[in-house]
Amino acid sequence: MSVVLHISDTHFGTEVPAVVEALVQLAAQQRPDLVVLSGDITQRARAVQFSAARAFVDRLGAPVLAIPGNHDIPLFDLWARVSAPHARYAAAFGTELEPVHRSAKLLVVGVNTTRAWRHKHGEVSLPQIERVARELEGAGAEQLRVVVVHQPVAVVRAEDAVHRLRGHREALQRWASAGADLVLGGHIHLPYIAPIEGLARPLWAVQAGTAVSSRVRPGVPQSVNLLRWDPAAGGCLIERWDHAAAQGRFVRSTTTEVRPARA
C-alpha cells in the first residue's frame, strides 16, 4: 500500500503553531510515502514565510511534491510579481514549478496554475494539459494516477463556481481519457470529494481544506487528506483528518473509498 498526505493552503504567516505541531505528529504516526502540498504555501510570498514553510515540510519525514498557489507570488511588490513572480518560491522549494513523482505505485503530476497577471484565479493552458496527458498515458496499471492543481476543477457549492480553474473542462476531458484517477486541489479552504460526471472514465476531484492556517471557513476546522492506495485490492481510501483543538491533534473524520478504473 502507498500512502499520500495531501495538505494545502498552509498560508505561512497565518499559521497556528499548535496545529503545525499536531500535523507534524500526524505525519510521524502515519509515515506517508509522499506529501503533496497543493499551493498557497505562504500568505504573502515573503522570504521569511517561505523559510518557515520549508522548515515545516522538512519535519514531515517524507518526499514533498509542492506547487505554488496564487498567494505564493508577490501581491504588493509589483516589479517582483511581473519580473520574477516565483523567485521566492523557487528559493525555498526549487525551480521546478511542475514536479512529477514516480514510484511503483504512484504517479503524481504537478501543474502550475498561477499566473502573474491574475489576482487569484487560476488557469491551465493547452500545452500544460497535453504535458500532463502524456505523463498519464505512460502510467502503469499499479500506479495511482494523480494530478495536482491549486484551484478546484469541480465545486459543490454554487458560490464557489467563480473559483474554478480556467480551462478545467478541457483538462478534465483530456486527463480522464489519458487515465487520470484523482485531481487534488485546494484554494477555497473547503474539503470534499466530488465525482466528475460525463467523462471517458471515473475521475474524482479531491479538495483539501486549510492545513495549519487560522484562515478557516466557519464550521470547518483545519484539515488534511490521507490517500491509501492498494493496487491489489483496486481501491483508494481517502481519509479526511480534522484538527480537534480540544484534543490537540488531528482526528479522522470521514473515509471515502473510490475505485479507479483499470483495463
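Arg201 and Asp181 are both buried. This is a predicted model, so keep that in mind throughout, because side-chain atom pairs count only at pLDDT 80 or more. The side chains of these two residues form a salt bridge, with an N to O distance of 3.3 Å. The partners come from distant parts of the chain, 20 residues apart. Arg201 sits in the loop between strand S8 (192–195) and strand S9 (204–207). Asp181 sits in the loop between helix H6 (168–178) and strand S7 (182–185).

Next pair. Arg228 and Glu239 also meet through their side chains in a salt bridge, at 2.8 Å, N to O. Where do Arg228 and Glu239 lie? Arg228 is in strand S10, residues 223–230, and Glu239 is in strand S11, residues 235–244, so the bridge ties together parts 11 residues apart in sequence. As for accessibility, Arg228 is buried, and Glu239 is buried too.

Why does Arg259 count as partly exposed? Its relative accessibility is 44%, and the partly exposed class runs between the 20% limit for buried and the 50% limit for exposed. Glu257 has 48% relative accessibility, so Glu257 counts as partly exposed as well.

On the total: the count comes to 16 salt bridges.

Terms used
Residues numbered from 1 in each chain as written. Predicted model: local features only at pLDDT ≥ 70, side-chain atom pairs only at ≥ 80, totals over all residues. Heavy atoms only, no water. Salt bridge = Lys/Arg side-chain N within 4 Å of Asp/Glu carboxyl O. Helix = DSSP H or I, 4+ residues; strand = E, 2+ residues; numbered from the N terminus. Buried < 20%, exposed > 50% of the residue type's maximum accessible area, 1.4 Å probe, protein only.
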